[in-house]
Amino acid sequence: MTTFIPEWVKVPARLVHVKRMLSVLDGDYVIRRPLTADHRIVDFFVEHRSKGWLIVAVEQAPFGEIDPAQLFDTDARTLFERRLASLQKMACLEGQPAALVKVLVIMWSCSIEEARALMMQYLPKYGTRIVSREQFSSWTGKILEASLTLLSEEVSDSFRGTHFPEVEIPAACTTRRFFNRDNRASLKRHFLDQEQELASKLDLELPGDQASTARDFSVRLINGVAGSGKTLIALNRALLLAELFPKQRLLILIHNTPVVADIKERLHRVRGGIPESLEISTFFSWTCQQWRYAFGGAPKMPGDPYVVSYLVKQARSRWPDIKLSDGQLIAEMDFINEALVLDEAAYLEVNRAGRGFSLRPREREQIWSLYQAVAASLQASGLRMWSALPRDICLAGASTDRILKYDHILIDEAQFFAPSWFQVVKLSTAPDGQLFLCADPNQGFMKNRLSWKSAGLEVAGRTRKLQKSYRTTRAILEAASGVLAKLGSGNDEDYLRPDFRGMEPGVRPMVIYTDSPQDGVDRVLAEVSAIAAEDVLPLSAVLLIYGDAVQRSAFHEQLTRQLGVGKVWWFNEKGQKKAPPSGYGKDYLRMAYVETATGLEASVVFLVGVEQLFSGSEKVGLSEEAQSELREVNARKLYMAMTRAGQRLVLISSQHLPPELEALFDVVK
Ligand SMILES: Nc1ncnc2c1ncn2[C@@H]1O[C@H](COP(=O)(O)OP(=O)(O)OP(=O)(O)O)[C@@H](O)[C@H]1O
């Protein structure tokens, strides 16, 4: 079946008829409406996978008004001729006089004879083919086939880049540029594929088509495997929206601070900045801002995480038979806040599936009392838990009228969002606004097992899947999927299967065993120095992901000593969370803690100090349910971390992997 981009849901009446005619074509046809001002000249572009391109306009002027035989020019004729001249110009590449592709005009209100008369007149002058509506309807496929022009790959890219610049991926924004070694290939241009383009333009109709956006609050979900372009799609869509609707307020929310910093850095590099109407933020920094609007002051949270621990320790002495650790109790209080549990009765009923441990009614009663006691102690000092911030806004009643409202909110990494977070997002969406979610269910290790429905989002029938990965090689993605399947429960229900077809085969990931975690760090330092000395790859092509077994400050210090001050961007260091150490536009080696590496990527990734993720299920003292939950969480973290790599993945471990996992790697001495 023909693909229409955007979906042509709200096109003018004449195009509804045209869409019906075009719908019966084979699946190799893509029909695109331009989203820019060009749509007043051209109605659509036809692209056929193997036969090339065509420009089509549907003209409504009746023959009587534009008849070339009339002695005097009419306004209608002048306008028609202007349109033909513009179409002719669009068929050429800038600076080149000859038309690259043909132009077809469908005369909506003319007979066959009248269309013929017009063609006789205008074909020589403007190179335009003209047919009547009747002819086009009877011979749609034949007319299109005869009019398409096959272009070389390079020229086709130029044509696409000229008319659909919004789908081009700047070279600096794709790890794929490193796939190509020779110069010619590295100049190759990259574009969103058809599925990605369709996803990025969902519900976008032209300003001229009356409904510029869907009228009611609408939600769309893009579910994609790691590296399928979700961040790219969210960004491209936001940039396109900023251009189409400059007066609308746009927001991109991402869970992870490093990704926000990384995206801003890329936008500065590629576009010199971010459009004024677009805000890009982490959920919490944005929520703090919304809280200020709602309550008229800055929220205060404990500066030291031990404050909450201390309060829990003190309060729990009243319920000596509570078995959970302090950490588990804090996590449970976060859950109460995030799931918007309002009172004890609701807490006794709430579904806690996926929480890793079960609680009997009596335990729930005790935990609820503990939760209230800790919240009251915090409140006495004017404080609240971080997880209570979104909850406060959700329960603020009329005060939420004062929070900022956005026309479009786009969420990347939505799998990490909690119900209370989504509720704040919904409260912040204008009445006819749109919510666009990108998620990878395979990476959802934090707020896991949350269904969209339980978060108050109706995504049934409004979801698109992306199963093709562009970031990584088949070898790496297969290994990462293998870890997920072997270490995790392989929960088939929400597992999104990657489509491996057509992927770059690549090199299998490597594992290097060392005697101790410190030896592992030394090995990374040696490898990084070798890369820097060879001068083949920029430092930005390398990402170091470290786990708990690494002494992070010492690691950072050693790297800085080796590469020079200001050359290492440590995403988890206080002063570098939001921007690189020596400003935008420089070349940095990046390092990130495994918990905060989501969304990042690099050509070469070193994974070091993550031993306990491979063996986390052997923790003593955990119930069977908690063990299996931990295994699942660890499997998803490893999957996420491994899929950060574009071409090379090197795991450095001071412990031998279990044989079934080691088999997914090449062991290097
Ligand atoms: N059609 C494409 N052509 C070339 N490169 C692409 C294409 N689509 C995506 N990429 C590149 O693939 C990489 C992964 O894209 P992106 O980060 O948007 O994926 P993602 O789905 O958000 O990944 P994750 O969820 O794993 O973080 C990026 O370098 C991106 O530029």
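Colleague: How many bridges join strand 9 to strand 13?

Modeller: Six bridges. Strand 9 covers residues 218-224, and the two strands run parallel. Bear in mind that this is a predicted model.

Colleague: Which residue stands opposite L437 there?

Modeller: L221 does, with L437 sitting in strand 13.

Colleague: And how many bridges are there between strand 12 and strand 13?

Modeller: Five, again in the parallel sense. Strand 12 is residues 406-412. I409 has L435 of strand 13 as its bridge partner.

Colleague: Is strand 13 mostly covered or mostly open?

Modeller: Mostly covered. Strand 13 spans residues 429-439, and eight of its 11 residues are buried.

Colleague: What do strand 12, helix 18 and strand 13 make together?

Modeller: A β-α-β unit, and it is right-handed. Helix 18 is residues 419-427.

Colleague: Which residues of helix 18 are buried?

Modeller: P419, S420, W421, F422, V424 and V425.

Colleague: What covers them?

Modeller: Strand 12 and strand 13 are part of the cover. Helices contribute too, including helix 12 (283-295), helix 14 (326-338) and helix 17 (388-394).

Colleague: Switching to the ligand. How many residues surround it?

Modeller: 23 residues. The closest are T174, A226, G229, K230 and Y470.

Colleague: Which helix gives the most to that shell?

Modeller: Helix 10, residues 230-244. Three of its residues take part.

Colleague: How does the shell divide by residue type?

Modeller: 11 are polar, six are nonpolar and six are charged.

Colleague: Where does the ligand lie relative to the domains?

Modeller: Between domain 2 and domain 4, because both give residues to the shell around the ligand.

Colleague: Remind me, what are the domain bounds?

Modeller: The assignment gives domain 1 as 3-163 and domain 2 as 215-295 + 400-466. Domain 3 is 306-385, and domain 4 is 474-668.

Colleague: How far apart are the C-alpha centres of domain 2 and domain 4?

Modeller: 26 Å. Their contact takes 25 residues from domain 2 and 23 residues from domain 4.

Colleague: Which element supplies the largest share on the domain 2 side?

Modeller: Helix 11, residues 257-271. Eight residues of the side touching domain 4 come from that helix.

Colleague: And how do the residues on that side divide?

Modeller: On the side of domain 2 that touches domain 4, eight are nonpolar, 10 are polar and seven are charged.

Conventions. Residues are numbered from 1 along each chain as its sequence is written. This is a predicted model: local features need pLDDT of at least 70, side-chain atom pairs count only at pLDDT 80 or more; totals for chains, interfaces and linings use all residues. A residue is near a molecule or strand if its C-beta atom, placed from the backbone, lies within 6 Å of it. Helices (H or I, at least four residues) and strands (E, at least two) are DSSP runs, numbered from the N terminus. Ala, Val, Leu, Ile, Met, Phe, Trp, Tyr, Cys and Pro count as nonpolar, Asp, Glu, Lys and Arg as charged, and the others, Gly among them, as polar. Domain bounds come from an automatic or database domain assignment. Two residues are in contact if their C-beta atoms, placed from the backbone, lie within 7 Å. A residue is buried if 20 or more other C-beta atoms lie within 10 Å of its own, exposed if 12 or fewer, and partly exposed in between; C-beta atoms are placed from the backbone. Two strands pair if DSSP finds at least two bridges between them. A crossover is right-handed if, with the strands pointing away from the viewer, the path from the first strand over the helix to the second runs clockwise.
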